[in-house]
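Open the model in your viewer and show it as a cartoon.

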Amino acid sequence: MSALLTSYESDYRSTFDDARSRLQTAPTQALSERNLTLRQVEQQQEELVDLIDQMEIEVNSAIPNGQERANYKAKLRGYRKQVQNDLR
């Protein structure tokens, strides 16, 4: 696995965890603060989709082994579902 792919995954995990944490605190916030938090989470969702897209490009170009590439693509599909389902 390339260093770039490892870096993307690390960025994905930290951004996802931060967005999920923000969503969990949003219901207890005042309305104006909650709206700001939700906008920030939306931006993080976009960042996560971009990171997944970049990881897919890297997987296609840096992983020559077909089985390993297929496994990684399945992992990326899981990341996409995680963003769609957990960050609403």
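Predicted model: local features only at pLDDT ≥ 70, side-chain atom pairs only at ≥ 80, totals over all residues.

Residues are numbered from 1 along each chain as its sequence is written, and side-chain values use heavy atoms, with hydrogens and water left out.

**Whole chain.** Select everything. The protein chain has 3 helices and 0 strands; helices (H or I, at least four residues) and strands (E, at least two) are DSSP runs, numbered from the N terminus. The C-alpha trace spans about 50 × 20 × 15 Å along its principal axes. Of the 88 residues, 30% are buried, where buried means under 20% relative accessible area, exposed over 50% and partly exposed in between (1.4 Å probe, protein chains only).

**Helices 1 and 2.** Select residues 3-25 for helix 1 and 31-62 for helix 2. Their axes come within 9 Å and cross at roughly 160°; axes are lines fitted to C-alpha atoms, for helices over the stretch in contact, and angles run from 0 to 180 degrees between N-to-C directions. Helix 1 is therefore roughly antiparallel to helix 2 (angles under 35 degrees count as roughly parallel, over 145 as roughly antiparallel, 65 to 115 as roughly perpendicular and the rest as oblique).

**Thr37.** Next, select Thr37, which lies in helix 2. Is Thr37 buried or exposed? Thr37 is buried, with a relative accessible area of 6%. Apart from neighbours within four places in sequence, Thr37 is in contact with Arg22, Ala26 and Gln29; contact means heavy atoms within 4.5 Å. Show the side chains of Thr37 and Gln29: a polar contact of 2.8 Å joins them. A polar contact is a pair of N or O atoms within 3.5 Å; within protein, one must be able to donate a hydrogen and the other to accept it, and residues adjacent in sequence count only if both atoms are side-chain atoms.

**Arg88.** Finally, select Arg88, in the segment after helix 3 (66-86). Arg88 is exposed, with a relative accessible area of 74%. Not counting residues up to four places away in sequence, Arg88 touches Leu23 and Gln45. A polar atom of the Arg88 side chain lies 3.0 Å from the backbone oxygen of Gln84.
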